[in-house]
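Please read these points with the coordinates open.

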Amino acid sequence: MAEEKFTMIVTRQDSPDSAPYEETFQINYRKNMNIISALMETQRNPFNAEGQHVAPVQWESNCLEEVCGACSMVINGEPRQACATLVDNLEQPIRVAPMTTFKVERDLVVDRSRMFDALKKVKAWIPIDGTYDLGAGPKMPEKKRQWAYELSKCMTCGVCLEACPNVNSNSDFIGPAALSQVRLFNAHPTGEMNKGDRLDALMEDGGISGCGNAQNCVEVCPKGIPLTTSIAALNRDTNIQSFKNFFGSDYAY
Ligand code: SF4
Ligand code: FES
């Protein structure tokens with residue numbers, strides 16, 4: 001009996017500077033396949049629909065459970081995680097393409113460094129010097145911990161940047177993910193000590209003023225992070241910070 005197959009059209013690119021092109025594959029169907037397993041079929045059987053031997057499709061993945069954010073790509077027009085997208089739930093033919101907000105390295109592999117650079121720019125971490133044991137650290141009220149946990153689910157997947165009309169190659173807007181991480185680290189009892197530095201970074205070029213309030217980000221975030229609520233809260237916080245900077249009240253005793 002002939003094996004059941006489905007069609008997957010992959011937007012490919014051989015190198016960062018070469019032109020993209022589409023390649024069609026006939027993939028052997030198995031129940032409960034996700035897009036990663038469909039892509040693995042193109043490695044196992046690297047022949048396109050015309051029967052030509054081709055280079056296996058390249059992509060990135062790691063956790064395979066929607067936690068690392070590495071496998072984001074545009075599937076049937078929607079930016080999402082390939083590991084969490086089931087073939088059975090998709091219209092066919094399935095179209096798979098790299099995200100457009102990021103530079104393509106090869107095929108579906110994109111360079112997400114603009115997201116990591118944004119996290120560095122806004123100091124999205126808790127500074128500890130590591131030279132001595134700091135102990136357990138301050139406790140957070142349980143309600144606040146639960147709220148902060150929701151923000152901490154960000155996996156730097158890039159889907160919110162892909163959906164945002166203000167993040168593109170002509171703009172240096174850092175995007176909603178890094179903004180929301182500022183809110184997370186400013187809420188931490190230790191991270192709060194650097195709140196002013198983070199808010200100052202948000203008031204620089206590419207910061208919070210780059211948000212055009214399109215609200216696409218909150219619609220697409222696979223972790224359900226309340227991005228627009230974070231941005232609204234940070235608008236208020238940066239206004240307060242600019243008054244503090246003007247009157248120097250951070251240093252008044
Ligand atoms: S905020 Fe959501 S969509 Fe944006 S990078 Fe984080 S997990 Fe992905
Ligand atoms: S492989 Fe980690 S999110 Fe898909």
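**Notes on the model**

1. The buried residues of helix 6 pack against helix 2, helix 5 (176–187) and helix 8 (227–247). Those buried residues of helix 6, which covers residues 195–202, are Gly-196, Arg-198, Leu-199, Ala-201 and Leu-202. Helices here are DSSP runs of H or I with at least four residues, strands are runs of E with at least two, and both are numbered from the N terminus. Buried means under 20% relative accessible area, exposed over 50%, and partly exposed in between, with a 1.4 Å probe and protein chains only. Contact means heavy atoms within 4.5 Å.

2. This is a predicted model, in which local features need pLDDT of at least 70 and side-chain atom pairs count only at pLDDT 80 or more, while totals for chains, interfaces and linings use all residues; side-chain values use heavy atoms, with hydrogens and water left out. Residues are numbered from 1 along each chain as its sequence is written, and chains are lettered from A and ligands numbered from 1 in the order in which they are written.

3. The protein chain has eight helices and seven strands. Its C-alpha trace spans about 80 × 40 × 35 Å along the principal axes. Of its 253 residues, 42% count as buried. Among contacts between residues at least 6 apart in sequence, 61% join residues at least 24 apart.

4. Which residues are around ligand 1? They are Met-115, Cys-154, Met-155, Thr-156, Cys-157, Gly-158, Cys-160, Ala-177, Cys-221, Pro-222, Lys-223 and Leu-227, where a residue counts if one of its heavy atoms lies within 4 Å of the ligand. This shell divides into nine nonpolar, two polar and one charged. In that scheme Ala, Val, Leu, Ile, Met, Phe, Trp, Tyr, Cys and Pro are nonpolar, Asp, Glu, Lys and Arg are charged, and the others, Gly among them, are polar.

5. Asp-107 lies in the loop between strand 6 (103–106) and strand 7 (109–111). Is Asp-107 buried or exposed? Asp-107 is buried, with a relative accessible area of 0%. Its side chain is joined to that of Arg-12 by a polar contact of 3.0 Å. A polar contact is a pair of N or O atoms within 3.5 Å; within protein, one must be able to donate a hydrogen and the other to accept it, and residues adjacent in sequence count only if both atoms are side-chain atoms. A polar atom of the Asp-107 side chain also lies 2.9 Å from the backbone nitrogen of Gln-58.

6. The side chains of Glu-41 and Arg-30 make a polar contact (2.9 Å). Leaving aside neighbours within four places in sequence, Glu-41 is in contact with Ile-27, Asn-28, Arg-30 and Met-33.

7. Gln-92 and Pro-93 are joined by a cis peptide bond, with omega about 5°; Pro-93 is in the loop between strand 4 (78–81) and strand 5 (94–97). Leu-64 is not a glycine but has a positive phi of about 60°, and Leu-64 is partly exposed at 48%. Gln-215, also not a glycine, has a positive phi of about 70° and is found in the loop between helix 6 and helix 7 (216–220).

8. Pro-141 sits in the loop between helix 2 (113–121) and helix 3 (142–152). Pro-141 is exposed, with a relative accessible area of 52%.
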